[in-house]
Amino acid sequence: MEDDLILGESIHEILLEAGYAVDWITDGQKACEATFENDYNLYIFDINVPSINGFDLVEQLRGADDLTPTIFISAMSDMAALSKGFKVGADDYIKKPFYPEELLLRIEARFLRKESP
């Protein structure tokens with residue numbers, strides 16, 4: 001979920017090129033609906049988006065027992081935002097701006113940990 005069209009398009013293309021299936025959503029309410037309609041392996045959420053912000057969305061998902069791993073990407077880089085991100089249930093937090101390769105590395109690390117015995 002990313003409402004910045006340029007960044008969202010970049011992330012979308014990078015993930016597709018890396019072989020991932022991707023649903024790109026720009027709005028918190030639509031993302032919430034998509035989480036109930038689809039079975040995702042990972043969420044990548046911006047925080048400041050229309051309708052429902054990323055913090056509230058993850059908190060709602062965790063309250064509904066949706067434990068899908070979640071990575072926040074955000075320009076909110078202060079310790080309060082970082083702390084809140086982890087408190088609501090994020091598994092990782094990437095501060096904008098970031099290198100696209102960093103996102104791929106973190107995704108790969110998440111899946112490698114999941115596959116390890």
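The model is predicted, so local features need pLDDT of at least 70 and side-chain atom pairs count only at pLDDT 80 or more, while totals for chains, interfaces and linings use all residues. Residues are numbered from 1 along each chain as its sequence is written, and side-chain values use heavy atoms, leaving out hydrogens and water.

Helix α3 spans residues 54–63 (helices are DSSP runs of H or I with at least four residues, strands runs of E with at least two, numbered from the N terminus). Its buried residues are G54, F55, L57, V58, L61 and R62, where buried means under 20% relative accessible area with a 1.4 Å probe, protein chains only. These residues lie on the same side of α3 because they cover an arc of only 165° around the axis, taken from the directions from the helix axis to the C-beta atoms. Their cover includes α2 (28–37), β1 (43–45), β2 (70–74) and α4 (79–87).

At the start of α3, a side-chain oxygen of N53 comes within 2.9 Å of the backbone nitrogen of F55. Just after α3, D65 has a positive phi of about 65°.

F55 is also among the residues with the most contacts inside the largest nonpolar core, which has 21 residues (a core is a set of buried Ala, Val, Leu, Ile, Met, Phe, Trp, Tyr and Cys residues joined through side-chain atoms within 4.5 Å). To this core α3 gives the most, with four residues. Beyond its neighbours within four places in sequence, F55 is in contact (heavy atoms within 4.5 Å) with residues including I47, F72 and V88.

Methods: Buried means under 20% relative accessible area, exposed over 50%, partly exposed in between (1.4 Å probe, protein chains only). A polar contact is a pair of N or O atoms within 3.5 Å; within protein, one must be able to donate a hydrogen and the other to accept it, and residues adjacent in sequence count only if both atoms are side-chain atoms.
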